[in-house]
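Here is a short report for a reader new to this structure. Look over the sequence and the model, then read on.

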Amino acid sequence: MRVVRKFIFSKHAFNYTEDIYVRIGEFVGRNYFIFRLVVWGGSYLLFCITAKNLKTNIYQAVIILYLTHGLVFGYGRVTSAMAIYFTGLSFICCTLERYSIIKFVIGISLIILCLQFHTSAYILVGLTVLAIIPLNKYSIIAIIIILPLLVFQLKGLFEDIVFSQIDNERLIHKVTTYNEIGDRALGIAELMLNTIEYLSFYLPYVLITLRAFKNKNYFRIPYSLLSFYKVSLGLVFSSIVFMLFGSGYSVFIYRVLFMTMIPLAILTSKFYSLKIL
């Protein structure tokens, strides 16, 4: 609440948050309740649109999201970026199954728009290409084997990209804060809590992946949903990469992993209705 009230609306003023939230705060007259209603209420609405595009039971998907990760979903600004991105991705995934120029344009526009809502969205946008890459159990096994070998190169590439933006005051401020949090020593209770929290994402994806490729289940999954699943799986692998980077990247681990909460709720709902789970 204090953050919204401290927004500086003058031109070129530095705010910790993205400019779009400052503009929303200005539009609602610093009213925190309306601000949350627009930002997080809009995110839930976009989630429903995503579920509808992928022909998933909307009520069931919302209940799953709320019961599993409802508190996290309604917490950070990144929620809006995630919701906008996955809505855009759902439109594009639908066009991969049945082409529609209107849906394709809407999808691309939303994916570009999400970049205005959180810096982390660049990771999502970068993984969009996975939607059209063929996927089978052998390619997943290959990724698991090769991933540890690529960690060192990926870490250097990630750091080069971040520090190439040294003139981006907001980005450097965030990276510095993340590193300070990541370097902080954790107690046993906090380590256990983090482990349980991470497993609440990893284990369902392991189960979904095992069930998806068991027998002929793979061929029962709609192509649009399969494309959606491949991008979310890319997020899971990305969080593992950050984990293998070592200490100092804990914020990046959960930041990326939490991005999977939207596809996880939709995949769980749809796989259940298909009797795959």
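Among contacts in the chain between residues at least 6 apart in sequence, what percentage join residues at least 24 apart? The share is 75%. Contact here means heavy atoms within 4.5 Å.

This is a predicted model, where local features need pLDDT of at least 70, side-chain atom pairs count only at pLDDT 80 or more, and totals for chains, interfaces and linings use all residues. Residues are numbered from 1 along each chain as its sequence is written, and side-chain values use heavy atoms, with hydrogens and water left out.

**Whole chain**

The chain has 13 helices and 0 strands. Helices are DSSP runs of H or I with at least four residues, strands are E runs of at least two, and both are numbered from the N terminus. Of the 277 residues, 45% are buried, that is, under 20% relative accessible area with a 1.4 Å probe, protein chains only.

**Core and a buried serine**

The largest nonpolar core holds 71 residues. Such a core is a set of buried Ala, Val, Leu, Ile, Met, Phe, Trp, Tyr and Cys residues joined through side-chain atoms within 4.5 Å. Phe86, Tyr229 and Ile262 have the most contacts inside it.

Ser269 sits in helix H13 (residues 261–273). Ser269 counts as buried because its relative accessibility is 0%. Its side chain makes a polar contact with the side chain of Gln60 at 2.7 Å. A polar contact is a pair of N or O atoms within 3.5 Å; within protein, one must be able to donate a hydrogen and the other to accept it, and residues adjacent in sequence count only if both atoms are side-chain atoms.

| Residue | In contact with |
|---|---|
| Ile262 | Phe47, Phe73, Met82, Ala83 and Phe86 (heavy atoms within 4.5 Å) |
| Ser269 | Thr56, Asn57, Gln60, Ala61 and Ile64 (heavy atoms within 4.5 Å) |

Methods:
Buried means under 20% relative accessible area, exposed over 50%, partly exposed in between (1.4 Å probe, protein chains only). Lists of a residue's contacts leave out its neighbours within four places in sequence.
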